[in-house]
Amino acid sequence: MKVRHQQKLILLSIGLFIGLNIPILLIFNKPFFVFGLPLLYLYIFFLWIISILITFTVLKRFHE
């Protein structure tokens, strides 16, 4: 794997670290429900799915 692909995955990790930090999570900790699910759960699930898709894309497209 090339260095630039590793850098993309490191940036993804840093973004996830920031996105799952307590001050950011407290923004979404509201008594608001979407399709019966709390907003905080949807935010965490959305981050998780996006991180999997980005990781898959980087590893699939740039695997050497």
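Biologist: What ground rules apply to the model and its numbering?

Modeller: This is a predicted model: local features need pLDDT of at least 70, side-chain atom pairs count only at pLDDT 80 or more, and totals for chains, interfaces and linings use all residues. Residues are numbered from 1 along each chain as its sequence is written, and side-chain values use heavy atoms, with hydrogens and water left out.

Biologist: Which residues of H3 are buried?

Modeller: Leu40, Tyr43, Leu47, Ser51 and Val58. Buried means under 20% relative accessible area, exposed means over 50%, and partly exposed lies in between (1.4 Å probe, protein chains only).

Biologist: What covers them?

Modeller: The cover includes helix H1 (3–19), H2 and strand E2 (37–38).

Biologist: Serine 51 is on that list. What is it in contact with, leaving aside neighbours within four places in sequence?

Modeller: Serine 51 is in contact with Leu12 and Leu16. Contact means heavy atoms within 4.5 Å. The relative accessible area of serine 51 is 10%, so it counts as buried.

Biologist: Switching to rings. How many aromatic pairs are there?

Modeller: Two. Phenylalanine 28 and tyrosine 43 form a stacked one, at 4.0 Å centre to centre with 10° between the planes. This pair links distant parts of the chain, 15 residues apart. Phenylalanine 28 sits in the loop between helix H2 (22–27) and strand E1 (33–34), while tyrosine 43 is in helix H3 (residues 39–61).

Biologist: What are the cut-offs for a pair?

Modeller: Rings of Phe, Tyr and Trp (its six-membered ring) pair if their centres lie within 6.5 Å. Planes under 30 degrees apart count as stacked, over 60 as edge-to-face, and the rest as tilted.

Biologist: Phenylalanine 28: what is its relative accessibility?

Modeller: It is 24%, so phenylalanine 28 counts as partly exposed. Tyrosine 43 is buried, at 14%.

Biologist: And which residues form the tilted pair?

Modeller: Phenylalanine 45 and tryptophan 48, at 5.6 Å centre to centre and 50° between the planes. They are three residues apart in helix H3, so about one helical turn separates them. Phenylalanine 45 is partly exposed at 46%.

Biologist: Which residues make the nonpolar surface patch?

Modeller: Phe45, Phe46, Trp48, Ile49, Ile50, Ile52, Leu53 and Ile54 make a patch of about 750 Å². Patch residues have over 30% relative accessible area and no salt bridge; like charges are joined within 9 Å, nonpolar side chains (Val, Leu, Ile, Met, Phe, Trp, Tyr) within 5 Å. A salt bridge is a side-chain nitrogen of Lys or Arg within 4 Å of a carboxyl oxygen of Asp or Glu. Areas come from the Shrake-Rupley method with a 1.4 Å probe; for residues, only the protein chains shown count as cover.

Biologist: Where is phenylalanine 35 found?

Modeller: In the loop between E1 and E2. Phenylalanine 35 is exposed, at 84% relative accessibility.

Biologist: Last one. How far apart are lysine 8 and threonine 55 in space?

Modeller: They are 8.9 Å apart, C-alpha to C-alpha, and 47 residues apart in sequence. Lysine 8 is in helix H1 and is partly exposed, at 37%. Leaving aside neighbours within four places in sequence, lysine 8 is in contact with Val58 and Phe62.

Key. Helix = DSSP H or I, 4+ residues; strand = E, 2+ residues; numbered from the N terminus.
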